[in-house]
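Subject: Handover of a protein structure

Dear colleague,

Please find below the sequence and structure that I am handing over to you. My findings follow directly after them.

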Amino acid sequence: MAALTKAQRSNVLFGYDGTKENDPALRWAVEEARLRGLDLMLCHCWHWPYPSGHVDPGVQAVLQRAGENLLRKGARRARDLGGGKVRTLLRREPACDTLVYESDDAELIVVGSHERHRLPAGSTAMELPARTRRPVVAVRGAGGGHGADGGHGLIVAGVDASEGADATIGFAIEEAALRECDLRVVHGAWEPGAVPQSDLPLFADKARLFQARAAMLERVVHPWRRRYPKVHVDVSLLLERPRETLLNAADGADLLVVGDRGTGSLDPLLLGATSSAMLHHAPCSVAIVPAPRYAAQSVA
């Protein structure tokens with residue numbers, strides 16, 4: 001495991017529902033906890049089928065017992081997958097509310113995701129990254145990727161000109177170091193509708209735009225290269241729209257890492273448009289990294 005210099009929180013928090021579709025995300029969470037040397041916290045939320053004021057101790061006891069059995073099964077599965085210390089947490093509240101509340105001690109949160117193009121608007125994978133202060137990994141499909149069991153995979157980090165770029169690359173290169181993956185940092189520079197007015201003249205001169213964005217990328221990437229010299233980092237700058245750039249770069253990757261909000265985001269309670277699009281359409285698992293006001297780490 002790569003040596004990490006920042007202080008870590010105590011666990012990897014995982015939203016567990018016990019379904020077959022949830023198993024790839026469980027695999028990812030187990031591996032994440034193992035690589036980081038953290039506990040794995042399995043959190044399951046059971047649904048109360050009646051209005052909030054309705055009282056039925058018998059039904060509640062049955063539902064709670066079913067949830068406890070499900071968590072025991074999940075903990076056994078996690079240990080079978082090679083997990084270390086596994087803890088469980090059963091709550092009656094909605095899953096997203098619970099994961100946000102319980103995330104203070106989490107280094108990151110892992111949840112399962114539907115197949116691309118089919119992610120419901122109100123799903124936990126869509127709602128959680130906009131509400132929590134922790135990175136959220138939405139695991140799609142096979143989940144583990146080429147690098148999950150010993151390296152030789154690829155992690156892609158999508159950055160823009162916002163102040164969140166540093167936190168995004170920091171999380172991505174740490175994942176690459178832990179999983180012994182290569183890292184590709186990509187930037188789609190053609191986004192005139194989401195830049196300050198002072199930057200608009202750049203779009204009338206592609207050479208100037210390319211030069212300015214290349215300098216921005218170098219400022220952000222260079223300190224992280226120094227900190228993680230063993231990680232192979234490739235930087236790709238394209239004068240294309242960010243969504244197309246990221247989707248093309250993510251093809252064949254194990255993980256795509258993006259910020260929660262970019263330069264065009266106005267509402268602090270909403271996930272950025274590009275981040276939302278990646279959760280819906282990326283062909284691989286997606287990590288959403290919180291904006292700098294939440295991030296506890298930076299590199300000098």
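I begin with helix H8, whose buried residues pack against helix H4 (124-131), strand S5, helix H7 (242-250), strand S9 (255-259) and strand S10. Helix H8 itself spans residues 273-281, and its buried members are Ser-275, Ser-276, Ala-277, Met-278 and Leu-279. Please keep in mind throughout that this is a predicted model.

For orientation, the protein has 300 residues, of which 49% count as buried. Its secondary structure comes to eight helices and 10 strands. Among contacts between residues at least 6 apart in sequence, 78% join residues at least 24 apart.

On one side of the pairing, strand S4 (residues 106-112) runs parallel to S5 and is joined to it by four bridges. Within that pair, Val-110 stands opposite Val-137. S5 also pairs with strand S10 (residues 285-289), here in the antiparallel sense and over three bridges. Ala-138 has Val-286 as its bridge partner in S10.

Arg-140 is placed in the loop between S5 and strand S6 (154-158). Is Arg-140 buried or exposed? Arg-140 is buried, because its relative accessible area is 7%, and the cut-off for buried is under 20%. A polar atom of the Arg-140 side chain lies 3.4 Å from the backbone oxygen of Cys-284.

In soluble globular proteins, nonpolar side chains tend to be buried together. The largest nonpolar core here has 50 residues, and those with the most contacts inside it are Phe-14, Leu-40, Val-110, Val-137 and Leu-183. Helix H5 (residues 165-179) gives the most to this core, contributing eight residues. Both domain 1 (11-139) and domain 2 (154-289) supply at least three residues each to this core. Apart from this core lies another one, of 33 residues, among them Val-136, Val-186, Ala-253 and Ile-288.

Leaving aside neighbours within four places in sequence, the contacts of Leu-40 include Val-12, Phe-14, Leu-26, Ala-29 and Val-30. Lys-85 and Arg-87 are also among the residues that Leu-40 contacts.

How many disulfides does the structure hold? The structure holds zero disulfides. A disulfide is a covalent bond between the sulfur atoms of two cysteines. For Cys-43, the closest cysteine sulfur is in Cys-45, at 4.3 Å, and is therefore too far away for a bond; the cut-off is 2.5 Å. Cys-45 is likewise in no disulfide, the sulfur of Cys-43 being the nearest to its own. Cys-43 is also buried, with a relative accessible area of 3%.

Finally, I would draw your attention to Glu-180, in the loop between H5 and strand S7 (182-188). Glu-180 has a positive phi of about 55°, although it is not a glycine. With a relative accessible area of 55%, Glu-180 is exposed.

Yours sincerely,

A colleague

Conventions: Residues are numbered from 1 along each chain as its sequence is written. This is a predicted model: local features need pLDDT of at least 70, side-chain atom pairs count only at pLDDT 80 or more; totals for chains, interfaces and linings use all residues. Side-chain values use heavy atoms; hydrogens and water are left out. Buried means under 20% relative accessible area, exposed over 50%, partly exposed in between (1.4 Å probe, protein chains only). Two strands pair if DSSP finds at least two bridges between them. Helices (H or I, at least four residues) and strands (E, at least two) are DSSP runs, numbered from the N terminus. A polar contact is a pair of N or O atoms within 3.5 Å; within protein, one must be able to donate a hydrogen and the other to accept it, and residues adjacent in sequence count only if both atoms are side-chain atoms. A nonpolar core is a set of buried Ala, Val, Leu, Ile, Met, Phe, Trp, Tyr and Cys residues joined through side-chain atoms within 4.5 Å. Domain bounds come from an automatic or database domain assignment. Contact means heavy atoms within 4.5 Å.
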